[in-house]
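Work through the following exercises with the model open beside the text, and try each task before reading its solution.

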Amino acid sequence: MTTPLKQLSLDQIEAAFAACGLPRFRSAQVAEWVYKRHARTYAQMTNLPQALRDQLAEAFPLHDADVIARQTSSDGTRKYLLKLGDGTTVETVGIPSEGERLTVCCSSQAGCAMACSFCATGKQGLHRSLFPGELVDQANVVGADFGRRVTHVVIMGQGEPFANYDHTLAALRMMNNPRLLGIGARHITLSTCGIVPGIERFSHEPEQFTLAVSLHAAVQATRDSLMPRVASWPLPALRETLERYTRETGRRVSLEYALIEGVNADSRHLDALIDFCRGLLCHVNLIMLNAVPESPFHPVPARVRDEWLRALEKAGVAATGRISRGSDIDGACGQLANAAANREAAS
């Protein structure tokens, strides 16, 4: 029986190797080769005996993520369509900033079951969840392409991370591990639609990972229409959970809010957002809605976002207007949809 190595967490690799009678240091050695040195085959692991390399290749095959399409935005952002070992395709985005900062927006699933009405990924449905190594591969592909170290990771691509909790957390720990990618925990952000049990569980993790919640409306009926799959966790329950999260961790939560013309951007929704945030340790990211083909939703004028920023500041709510990156290559928030793969399949 074989198990692809990238399906396993670091703890699982250690346990699987131990079951094969291998000493503990071998699992750390192989993980370093794969995730730090980017070895694509066991043959490259030159400090392992040949017999061991042959044994591992048979028991724990390696499958790399291959770039099958790459687009570069006018702002320097790059979007990648990756083919995984079983042929599944997924998108990831690399976002360079001034200085040495390089952020990777990773997907946790191929497709998404959350069906948010303004999101291109939600229109695809869910194909499958990704394994830990498949998340880490996304960061490594982007870092190698830019020729520089990845400094920040946001799990904000395709999928709902808390619907793939164990694999996603295992990947974050690999990224954070100083012997592997060595990305600081506070530079790793996980974004959820608001899965309350996931937030509760996340609040007890020992690492200082950052939590972001896609809010998009603080009026229940509006949020239910935009994000129907989280309607079972109403806003009061979400807020109560976020209060417990901030008390437990001492860390503030980021609230993502895409302003949509005629839907969630009037004074009633602004007042509701201020009420939701009052007394909560949080920061609001206002997002100009990004275009999605055949979508009925449209962004507000920039002046509306600026009015909201002023109103939030006046109410004592920390807020910023997020600058969308890569929208001209469908690489911004809500736009990931494996478009290149879809075009390839249709041709």
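The model is predicted, so local features need pLDDT of at least 70 and side-chain atom pairs count only at pLDDT 80 or more, while totals for chains, interfaces and linings use all residues. Residues are numbered from 1 along each chain as its sequence is written, and side-chain values use heavy atoms, with hydrogens and water left out.

**Exercise 1. Describe the second largest pocket by its volume, its lining and the helices that supply the lining.**

Solution. Begin with the term: on a 1 Å grid over the protein atoms alone, a pocket is an open set of points where a 1.4 Å probe fits, with protein on both sides within 12 Å along at least five of seven lines, and lining residues have an atom within 4 Å of a point. The second largest pocket holds about 470 Å³ of space, the volume being the space filled by probe spheres set on the grid points, which are joined across faces, edges and corners. Next, list the lining: it has 22 residues, of which S9, L10, D11, R173 and N177 lie nearest the centre of the pocket. By class, the lining residues divide into 10 nonpolar, 5 polar and 7 charged, where Ala, Val, Leu, Ile, Met, Phe, Trp, Tyr, Cys and Pro count as nonpolar, Asp, Glu, Lys and Arg as charged, and the others, Gly among them, as polar. Finally, assign the elements, taking helices (H or I, at least four residues) and strands (E, at least two) as DSSP runs numbered from the N terminus. Helices α1 (10–19), α2 (24–35) and α5 (165–176) each supply at least two lining residues, and the largest share, 7 residues, comes from α5.

**Exercise 2. How many residues of α4 are buried, and what is the phi of the residue that follows this helix?**

Solution. Helix α4 covers residues 132–146, and its 15 residues reach 22 Å from first to last C-alpha, close to the expected 21 Å, a span defined as 1.5 Å times one less than the number of residues. Of these 15 residues, 13 are buried, that is, under 20% relative accessible area, whereas exposed means over 50% and partly exposed in between (1.4 Å probe, protein chains only). The helix is followed by G147, whose phi is positive, near 70°.

**Exercise 3. Which residues form one aromatic cluster?**

Solution. Rings of Phe, Tyr and Trp (its six-membered ring) pair if their centres lie within 6.5 Å, and planes under 30 degrees apart count as stacked, over 60 as edge-to-face and the rest as tilted. This rule gives 5 aromatic pairs. One of them joins F162 and Y165, stacked at 5.5 Å centre to centre with 25° between the planes. Another stacked pair, F202 and F209, has 6.5 Å between centres and 15° between planes. F162, Y165, F202 and F209 form one aromatic cluster. F202 counts as buried because its relative accessibility is 2%, and F209 counts as buried because its value is 1%.

**Exercise 4. Where do A115 and H216 lie, given that each has a positive phi?**

Solution. Most residues other than glycine have a negative phi. A115, with phi near 60°, is in the loop between β5 (109–112) and β6 (125–129), and it is partly exposed because its relative accessibility is 25%. H216, with phi of about 65°, lies in the loop between β9 (210–214) and α7 (220–226), and H216 is buried, with a relative accessible area of 6%.
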